[in-house]
Every structure is written in structure tokens, then in C-alpha cells.
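User: I would like a close look at a single part of this model, the contact between two of its chains.

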Amino acid sequence: MASVALFDPCYLQALRPGDAGDARRVLEALGDTVTLIDGRCCGQPAFNSGFRREARTVGRQLLKAARTHSTIVTTSGSCTAMVRHYLPGLWSPPRDAAAASIASRFVDFASYVARHPGLGRLGLRLPGVVALHESCHSRRELHASAAITAILSHIDGLEVREPAFAEECCGFGGTFAVKQPETSVEIMRAKLEALGATGARVVVSPDYSCLAHLQSGAEGLGVQLEAWTLPELLAKALA
Amino acid sequence: MTSFRDRARREIAREHRSAVLQPIMRKLVVDSRAILARGPADARDRAAAARADAVDRLEELHRRLREQLALRGVGYHRAATAAEAVDIIRRLLGDARRVAKSKSMVAEEIALTPNLRAAGVDVLETDIGEYIVDLEGRGPSHITAPAIHLNRARIRDLLARAGAPLDTDDPVVLSQYIRDVVARYVQDSDAAITGTNTAIASSGRLAIVENEGNVALGVSHPRKHIIVTGLEKVVADEAGALAVLQVLAPSATAQPLTAFTHILGSPPPGQERHVVVVDNGRSRILADPRYRDVLRCIRCGACMNACPVYRAAGGLAYASPYMGPIGAVISPLLWPHGDHADLPFASTLCCACTEVCPVGIPLHRMLLDLRADAVERGAVGGRAERAAWRAWAAAFSLPTGARAAAALARLGLRGGGRLLRPLSARRADPRVLPEPAEPHDPALLAAAGPDRSERPRTAPAEVLPPAPADRFRLRAGELGVTFPSAAPASALELTAAAAVASTGSVLLTGSPVDRRALLAATAVALRLDPATIVEHPAGLEPYLGRDDALILTGPSRTADIEKVIVRGIHGSQEYAVLLEPPVA
């Protein structure tokens with residue numbers, strides 16, 4: 001029985017308004033008490049675009065909202081990586097240490113659930129097939145691959161198909177997708193091709209940002225694929 | 001001035017670079033990982049440590065290098081700028097009019113070939129890939145595979161336009177045609193110019209790797225050899241050099257070592273040798289703690305091989321001699337007033353580059369820092385973008401509560417969504433932002449079709465023979481080396497100083513190693529005492545001697561045309577090893 005805070009990042013609030021509810025259901029099923037924090041954005045869009053002052057302004061609000069909590073579960077791998085690895089660096093010493101102390105309490109949803117003692121007792125079941133797209137930030141900055149595999153292996157009846165060259169980027173890259181649209185789409189094509197080849201009609205990822213990007217191109221490129229978040233998949237497997 | 005986006009758009013739409021690059025780079029990344037997995041397990045750590053040490057003690061190591069080169073009778077010249085480097089090389093060339101040049105990225109950086117030609121010097125690019133891109137006139141598109149963007153048909157067209165009588169586009173024929181042009185030219189050239197992969201401070205020796213044998217011809221030039229190199233390419237000692245070599249070829253071309261690893265000692269009799277060290281902004285990079293570690297770079301190209309943006313847009317889209325992630329980092333650092341400020345934005349920040357870098361350069365972090373620098377300097381981000389980010393920051397930090405923020409976010413992302421939507425019928429962007437809160441149907445989980453993925457085949461774990469001599473035999477055999485009981489007739493017979501089991505390499509030492517004789521031989525027989533076989537290249541250190549050395553890893557070859565391996569470029573294809581005493 002832990003008390004955890006839940007951070008529902010801006011783009012999920014906007015594009016997947018039900019995601020926080022799904023994440024809460026899963027965490028509560030694990031036996032946790034969940035508080036949704038008044039956080040909006042980790043600052044990543046501005047940070048990745050080189051606008052650090054703006055990123056700091058926005059990130060400060062998130063750290064303020066999180067400061068009284070000991071664990072802040074975040075439903076996006078890339079936002080977690082931003083908070084943990086980059087946000088504290090936007091302040092100079094000694095304030096960066098205070099920021100780092102809060103930032104280090106952020107944990108991605110997959111890693112948190114995978115090491116939760118209640119996971120084995122959930123009795124997850126969801127027959128069918130999903131393709132897995134692990135995001136680059138989840139894979140290379142959070143090293144959450146094993147956690148994701150572990151969680152999915154707890155779902156009875158679910159077959160998980162990794163696409164060929166699973167470690168390759170989907171081409172999103174945040175504002176990259178807007179600033180370099182031609183290159184972004186060219187990279188996306190290869191990823192959609194690989195995901196399509198798995199035969200799965202649903203793709204799940206710890207990062208909905210990659211998925212929103214892939215979903216945006218799937219129809220136009222003739223790939224039948226629906227994107228689900230990890231909390232969404234787990235919530236369905238609870239029932 | 002064009003932007004990366006303009007160039008990438010053109011390369012993608014007109015040339016469809018990924019059709020050639022994607023399969024090649026996918027294979028290269030998989031193969032490279034497999035070669036590195038052969039060990040030693042700490043190879044990357046050792047290489048990173050050797051390079052980090054060199055960066056930490058750069059000037060100290062250069063003082064030592066200069067002294068040691070002087071003892072060997074080799075000139076040491078330091079150029080602060082590209083123009084100064086070109087001037088020094090022109091002066092050193094003296095009245096030389098025909099110059100055989102091998103591949104060097106720093107030579108591309110200082111535009112050496114065009115500058116020498118403008119001064120009336122006849123320069124021939126002797127590397128097959130460089131020869132091809134020289135004909136095309138657009139520069140290399142990859143640091144280790146310059147012509148990787150061109151397929152065989154295009155290469156044949158380029159050669160034909162230059163007067164080559166070719167009735168096929170077979171990479172073997174094309175490669176051998178260029179080889180013959182090069183060999184004829186080198187014969188009556190006045191001087192040779194090469195680069196170097198690492199300069200060894202403690203001994204003044206210079207390590208150069210190559211596959212074709214054109215560098216072997218260059219470094220053994222009977223009259224004059226000029227080496228041009230970047231300031232950062234120094235290492236403390238032989239152990240450091242071997243640590244670098246141990247990861248260089250595996251990371252670059254998925255080879256255990258290249259066909260030739262030259263460790264140049266004193267020049268051959270009659271030859272005048274000079275080293276020209278190019279700073280051109282490197283001291284400035286060294287002084288910035290955020291970027292100094294980029295000077296660890298060994299120019300292997302692993303970062304571009306793994307980069308999704310490089311694979312999609314190709315190397316020419318970077319409009320710099322340095323492309324891919326390393327190019328996006330060092331181009332704006334080397335040319336702060338140039339047109340490269342947008343290159344750090346040519347990345348999805350997927351971190352594949354940082355992951356594969358064998359010397360531990362945090363490339364993605366540097367890309368982020370360079371983006372911030374570019375915004376700070378006003379080199380990117382017009383007034384509209386600046387205003388947009390300020391408005392964004394204000395909106396997302398209002399004390400309005402999470403729900404209001406979500407509404408704002410939705411608004412913002414809808415705006416982003418419009419950006420993603422096709423603006424006109426002409427635009428080929430297929431993306432449409434997904435609608436929020438799409439209902440999801442669990443029935444889709446059951447609607448899956450069969451899995452048709454073509455996943456890369458992972459080779460089954462090899463069971464290696466226990467004896468080092470047998471492991472050596474296995475790896476050398478893979479490279480085409482034979483193990484007859486007696487030396488083939490008319491073979492040039494040489495005695496090896498040592499060999500490497502994991503790479504199938506043979507070490508020759510002597511002062512100096514006669515490279516011209518080696519290349520002229522129709523067959524080579526190498527006598528090897530099995531007791532001198534070491535496991536990994538790093539183990540060669542005690543056998544390297546004090547002067548000239550040459551590590552041979554199979555016969556010469558090239559893969560400059562579509563990565564198709566063509567064996568036997570300069571020098572013999574027939575390599576035989578005679579184990580003496582023979583192994584039971």
C-alpha cells in the first residue's frame with residue numbers, strides 16, 4: 001500500500017483524456033492510493049527546441065506541484081527522461097540540487113508497475129495480439145525495456161510481437177516532426193512498414209508521443225494500426 | 001544558403017536515399033555489434049579511456065610527439081587554420097606536381113584537393129570511394145564510405161563520362177578499373193599525402209588503417225610523404241593506439257581490423273616525411289567543457305550508420321564534410337560563423353548515436369546544448385518562433401489548475417495538429433493528427449494477421465576451438481588466407497612477429513617493412529610461430545618493436561561500391577600462413 005502521485009503529461013491530457021483514469025485504475029488495483037498532481041508539462045518541447053528559459057519556466061511549475069510527493073508516476077517515458085535527466089540542469093548551483101532531488105522521485109509508469117509487489121496478484125488477462133513499440137527514450141534513457149517485457153508477460157492470453165529492427169526510431173522527435181517533416185515521415189514509413197508486417201492491429205507503447213505520430217501517418221500510408229497506451233492496455237486487462 | 005530541411009527534402013524526394021542506405025546500414029549495425037561482441041568485453045571502455053586521456057593532456061602529448069618525430073627525422077608542423085594548413089602543405093610539396101592523395105577527413109575539412117588543384121598541383125584521389133565522389137563533384141556522403149549514396153549504375157555513368165571504356169557495372173570491374181588508374185598514377189607521382197588515424201606521442205609512430213593498399217603505396221612513396229591530421233588524433237602510447245584500433249574497424253565497417261594497419265616508424269631511406277597538425281578551431285572546442293569530449297572522436301562513422309535521420313536524408317543533406325550526428329555536432333563547432341547552425345536540429349534525439357559511439361561521446365547531449373546555443377545566438381528561431389515559445393511558457397505556467405491547463409494543451413496541440421496537416425495539395429505529407437479520445441475496440445486484438453516480419457537473423461553462438469592457433473586459423477580462413485604445408489612457388493616469404501587469434505591478423509615488424517615489395521608480390525607466405533599468437537589486438541603491444549610495423553588482416557579489398565566486397569585491390573590476393581612449428 002503506497003501513496004503515489006500521478007503526473008498526466010500535457011499531450012496525453014490533450015490527446016488521450018482517458019489515459020490518466022486508466023493509469024489510476026491500474027495503480028489502485030495494485031493497492032496504491034493515487035493523487036493526480038497539478039502538473040502540466042515537463043518543458044521538453046521548448047527544451048528540445050533550444051528554448052531553455054521557457055522550458056525552465058514551465059518545468060518549475062511541475063517540480064513545484066511534485067515537491068511534497070515521494071513518488072511521482074509518469075505515464076510517458078520521454079517526459080520522465082526529460083524530468084530526470086535534463087530538467088535539473090536548467091538551474092545553476094545550488095538550486096539545481098533542489099531540482100534534482102525532486103526530479104529523482106519521478107518514475108515512468110512501466111518501471112514503477114514492473115517492480116510493484118502487487119503486479120503478480122493482478123490476474124491480468126487480455127486475449128489477442130499487440131505489437132510493441134518501445135520508445136527510444138524509454139529504451140536508451142530510462143532502460144525500461146525489461147520492465148515493459150515483464151509487465152506484458154503478466155497478461156494472460158496476450159501475444160506480444162516486436163517489429164523487425166525494434167530499436168529504430170519512429171521519426172517523431174518532438175518538434176523535429178514539425179520542423180523536418182519530410183525526414184520525419186521518411187523515418188516513420190520504415191517504422192510503420194515494420195509494425196504492419198507484425199500483423200498486429202494494435203500497437204502499444206510506453207510513450208504515446210511516438211504512437212500519436214505513427215497513428216497520424218498510418219491511415220495515409222495504408223497501414224491498419226490503432227495506438228494504445230500501456231495504461232490503457234493494462235486497464236483493459238484488469239477487467 | 002540552403003537549410004538542412006531544403007536539402008533533405010530534395011535528397012528524399014529526388015534520390016530516395018533510404019532505398020540504398022537503410023538496408024546497408026541495418027546490416028552494418030547488426031554486423032558491427034556481432035564483431036564487437038567477440039571481445040574483449042572492455043574494448044569500448046579502454047578506447048574511451050585512451051581517448052579521454054588524450055583530450056585531457058592534448059598539448060603535453062603534442063610536445064612529446066613533436067620530440068619523438070624529430071628523433072625519427074619527421075617534420076612536425078602546426079596549422080592554426082585551414083588556410084594555414086593548405087599553405088604549409090603547398091610549401092612542403094615544393095616543386096611536386098603530381099600528388100597521390102589517400103582518404104582523409106581533415107583534408108576534406110580544409111578543402112585540400114581543390115586548393116592544391118587551384119594552385120596548379122595535379123592531385124589524384126587514390127581511395128576508390130574518394131575517386132568516385134571526386135568525379136561526381138558533390139563530396140563524400142559518409143566518412144568511411146564516401147560513395148555510399150551512389151549505386152553501381154551511377155558510378156559506371158560517372159566513370160564513362162570521364163572516358164572509361166566500361167561495358168558492365170559489376171563492382172569488381174569498376175573497382176579494378178579505378179585501382180589500375182591509381183596504380184599507374186602513383187608510379188610516377190612526385191609525392192603522397194595521407195591522413196593518420198592516431199599519432200602515438202611516446203614513440204612518434206603513426207597508425208593508419210586502410211583496406212585497399214593505396215595508403216601502403218602512399219606511405220612508402222620513394223621521395224615525399226605528407227601526413228595531414230587533426231590536433232585531436234594523438235594518443236599517449238602504443239597501448240592507447242591499440243585500444244583505439246580495436247574498436248575502430250568493428251565500429252566503422254564491421255571488420256575485426258582493416259586489411260592493413262600501418263604503424264609507421266622512421267621513414268624509408270630517401271623519403272622525406274612531414275606531419276601537418278590542423279587545429280582549425282579544435283583548441284577552442286577543447287576550452288569548452290560542454291563540447292571538449294567530442295575531440296575523442298575517432299571518425300568511425302558508427303553514429304551515422306545508426307542514425308535514422310542520416311539513413312533517411314543521406315550524407316549530402318548535411319552539406320558538410322562531416323555528416324550524421326558527429327557532423328551535426330562538430331560542423332557548427334568548427335565553423336561557428338558558417339551555415340551549420342541548423343544541423344543540431346537534424347536529429348530525433350533517439351540517442352542511437354550515443355549508444356553506438358565506441359569512445360563514449362554523449363552526442364545527443366551535445367546536440368541539445370548546441371540547439372540552446374543556436375537559439376541564444378539568434379542563429380535559428382525567427383521572431384515568430386520566439387514569440388510562440390514565450391506564449392507557450394506563459395500559458396503552461398498560469399496558476400489555473402490542471403484542467404484549464406489541459407484545455408490549453410489541447411488547444412496548443414490542435415494548433416500543432418494543423419501544422420502537421422497538409423497545407424496544400426502539393427505537399428506530400430500523409431500525416432493527420434489523431435482525434436482525441438478515439439474509442440478503442442478490444443476486438444482489434446483478435447483481428448491480427450500472421451507475423452510477416454523479416455527480423456535480422458542472429459547468428460547462433462559460435463563454438464570456438466580452444467587452441468589459439470585454431471581460432472587464428474578460423475578467422476584468417478574467413479578472410480581468404482590459406483594454410484598450405486609449404487610456401488607457394490614464387491611467393492614472397494616473410495616471418496611474422498606475432499598474430500591475433502580473434503581477428504586472423506599477422507604482425508610484421510622490421511625497419512622499415514617493405515610495403516612496395518609486399519604489394520608487388522604475386523603471392524605472400526607468412527611464417528608464424530604459434531606461440532606468438534595473442535587473443536586480441538591489444539595483446540600485440542609487446543611485439544610491436546620500436547620502428548615500423550604492419551598488421552595484415554587478410555588480403556586487400558574494397559567495399560566502396562554498394563558495400564560489395566571486392567578482394568585483391570592493390571597487392572596480392574594470395575596470402576598463405578605457415579605455422580612453424582606446425583600445430584598438431
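How many residues does the contact take from chain B and from chain A?

Analyst: This is a predicted model, in which local features need pLDDT of at least 70, side-chain atom pairs count only at pLDDT 80 or more, and totals for chains, interfaces and linings use all residues. Residues are numbered from 1 along each chain as its sequence is written, and chains are lettered from A and ligands numbered from 1 in the order in which they are written.

From chain A the contact takes 66 residues, and from chain B 65 residues; two residues are in contact if their C-beta atoms, placed from the backbone, lie within 7 Å. On the side of chain B that touches chain A, two or more residues come from each of α1 (4-15), α2 (17-37), α15 (308-313), α17 (352-356), α18 (363-377), α19 (383-396), α20 (402-420) and α21 (443-446) of chain B. Helices here are DSSP runs of H or I with at least four residues, and strands are runs of E with at least two, numbered from the N terminus. The largest share of this side of chain B, nine residues, is given by α20(B).

By class, the side of chain B that touches chain A holds 42 nonpolar, 13 charged and 10 polar residues. Ala, Val, Leu, Ile, Met, Phe, Trp, Tyr, Cys and Pro count as nonpolar, Asp, Glu, Lys and Arg as charged, and the others, Gly among them, as polar.

Elsewhere in chain B, helix α9 (residues 152-161) packs with helix α10 (residues 171-187). The residues in that contact are B:R152, B:I155, B:R156 and B:L159 of α9(B), with B:P171, B:L174 and B:Y177 of α10(B). By class, five are nonpolar, two charged and none polar.

Conventions. Axes fitted to C-alpha atoms, helices over the stretch in contact; angles between N-to-C directions.
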